[in-house]
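Subject: Structure handover

Dear colleague,

Here is the structure I am passing on to you. My notes on what was found in it follow below.

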Amino acid sequence: MSMNHIRPWRNIERRKSRQIMVGNVPVGGDAPIAVQTMTNTDSGDVKATLGQVMAAAEAGADIVRISAPDVAATKALKEITKESPVPIVADIHFHYKRAIEAAEAGAACLRINPGNIGDEKRVKEVIKAAKDHGCSIRIGVNGGSLEKHLLDKYGEPCPDAMVESGLDHIKILQDNDFHEFKISVKASDVFMSAAAYQILADATDAPIHLGITEAGGFVSGTIKSAIGLGQLLWMGIGDTLRVSLSADPVEEVKVGFEILKSLGLRHRGVNIISCPSCARQGFDVIKTVETLENRLAHIHTPLSLSIIGCVVNGPGEALMTDVGFTGGGAGSGMVYLAGKQSHKMSNEAMVEHIVEEVEKKAAAIQVAEAADAAE
């Protein structure tokens with residue numbers, strides 16, 4: 001739950017869901033909303049795939065999914081899961097035996113698609129493998145691959161058809177005394193996804209994995225995901241998410257965190273508040289922000305930084321940030337620390353100085369948190 005007693009209009013009450021474990025990551029209940037991504041390398045290439053897993057984990061991914069389309073992939077999975085710093089979800093379509101092999105190879109979770117995994121007998125074999133090897137399961141419904149009988153019933157992919165597919169498979173898992181599962185109902189259509197997730201949220205207490213599938217390239221996919229996932233998260237729906245972009249998996253992780261940060265649901269790294277710039281700017285805001293994003297990428301401690309080009313909004317924004325810089329005149333601007341004016345700094349030396357101040361603030365926060373934990 002995200003509660004703010006001073007600004008109650010910022011409160012988000014999360015839907016109550018039961019908690020499961022994906023490896024060592026809790027999903028659902030009062031656990032932080034987990035951020036996921038998926039590799040796009042040849043899954044049989046251990047070095048390339050593990051490289052993407054490591055990069056995603058460094059960017060903050062809690063869980064990484066890897067497609068397991070063939071025996072070469074599930075064989076490689078055994079080595080990847082041993083080296084991975086985060087739990088691995090094996091993505092299974094069509095071939096239920098790949099799910100069994102993935103469980104044996106150390107996958108923390110098996111993603112199965114009700115639309116193509118096969119009949120109940122095959123699902124039971126997957127459930128047995130999950131039980132035997134301590135895996136959780138994600139029921140991953142996709143609007144583009146629904147079961148034929150549901151398409152015949154509803155005439156086309158729609159929210160009710162997606163939810164019915166998911167609930168049918170929940171029943172199979174529960175009838176086989178398996179409860180370590182989460183569920184998703186993704187579509188590329190934002191409206192369909194949002195409607196399906198809202199129906200699903202009322203129909204089950206299972207943890208919900210959010211996503212707008214096949215969202216598109218970096219810009220368009222980010223916008224669609226922010227709209228679709230943002231409104232659901234604002235309503236309190238969602239226990240884990242993946243932003244699906246035709247882009248580097250690291251970018252998916254970054255966008256996922258930015259969506260959560262914008263709603264106050266999770267914080268990681270430096271939240272930069274910056275103006276779009278205009279003729280009033282006292283320095284090159286766009287170039288400065290781009291440089292600072294790169295220079296401060298190593299900071300994982302949550303803190304805020306305002307970079308504003310002029311005094312119209314600069315002082316006001318700086319009041320609410322840990323570190324701030326507001327453009328002035330004569331080639332210099334004002335540095336703010338903890339919301340208060342501190343000292344002037346030349347535009348030329350500003351970037352290095354801000355990096356220094358942010359690193360100093362991050363270190364102080366870490367010391368304070370360690371002291372609190374010790375008490």
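Both faces of strand β8 are covered: F181, I183 and V185 lie on one side, K182, S184 and K186 on the other, and all of them are buried. Please keep in mind throughout that this is a predicted model. Six of the six residues of β8 are buried, so the strand is largely enclosed by the rest of the structure.

β8 belongs to an open sheet of eight strands, whose order is β8-β7-β6-β5-β4-β3-β10-β9 and whose pairing is parallel. β8 (181–186) and β9 (209–210) stand at the edges with a single partner strand each, so one side of each has no neighbour in the sheet. For background, the strands of a sheet pair through backbone hydrogen bonds, in either a parallel or an antiparallel sense.

The partner of β8 is β7, and the two pair in the parallel sense over six bridges. In this pairing V141 stands opposite V185 in β8. Strand β7 (residues 136–142) also pairs with β6, again in the parallel sense, over four bridges. Here R111 is placed opposite R138 in β7.

Two residues of helix α6 can be followed from here. I170 has its place in that helix, which covers residues 159–175. With 5% relative accessibility, I170 counts as buried. Apart from its neighbours within four places in sequence, I170 is in contact with I139, F181, I183 and T204.

Is S165 buried or exposed? At 1% relative accessibility, S165 counts as buried. Leaving aside neighbours within four places in sequence, S165 is in contact with P114, V141, L146, E147 and L150. One of these, V141, is the residue that stands opposite V185 in β8.

Next is helix α3. The buried residues of this helix (residues 96–104) are Y96, R98, A99, I100, A102 and A103. What covers them includes α2 (71–83), β5 (88–92), β6 (109–112) and α4 (120–133). Both β5 and β6 are strands of the eight-stranded sheet. Just after α3, G106 takes a positive phi of about 105 degrees.

Strand β13 (residues 323–327) is joined to β14 by five bridges, and the two run antiparallel. Strand β14 (residues 332–337) is in turn joined to β15 (residues 340–346) by six bridges, also antiparallel. How many of the six residues of β14 are buried? Five of them are, and the strand is mostly covered.

The turns on either side of β14 are as follows. β13 and β14 form a hairpin with four residues between them, and A330 in that turn has a positive phi of about 55 degrees. The hairpin of β14 and β15 has two residues between the strands, and A338 there takes a positive phi near 55 degrees.

Last, some values for the whole protein. It has twelve helices and 15 strands. Its radius of gyration is 23 Å, close to the 21 Å that the globule rule gives for 375 residues, so the protein is as compact as a globular protein of that length. Along the principal axes, the C-alpha trace spans about 75 × 45 × 40 Å. Buried residues make up 52% of the 375 residues. Of the contacts between residues at least 6 apart in sequence, 62% join residues at least 24 apart. The protein exposes about 17300 Å², and carbon and sulfur atoms supply 53% of that area. There are 38 positive and 47 negative charges, and their mean positions are 1 Å apart.

Regards

Note on methods. Residues numbered from 1 in each chain as written. Predicted model: local features only at pLDDT ≥ 70, side-chain atom pairs only at ≥ 80, totals over all residues. Heavy atoms only, no water. Rg over C-alpha atoms; globule rule 2.2 N^0.38 Å. Buried < 20%, exposed > 50% of the residue type's maximum accessible area, 1.4 Å probe, protein only. Contact = heavy atoms within 4.5 Å. Areas by Shrake-Rupley, 256 points an atom, 1.4 Å probe, with all protein chains shown as cover. Lys, Arg positive; Asp, Glu negative; His and termini not counted. Charge placed at Lys NZ, Arg CZ, Asp CG, Glu CD. Pairing = 2+ DSSP bridges.
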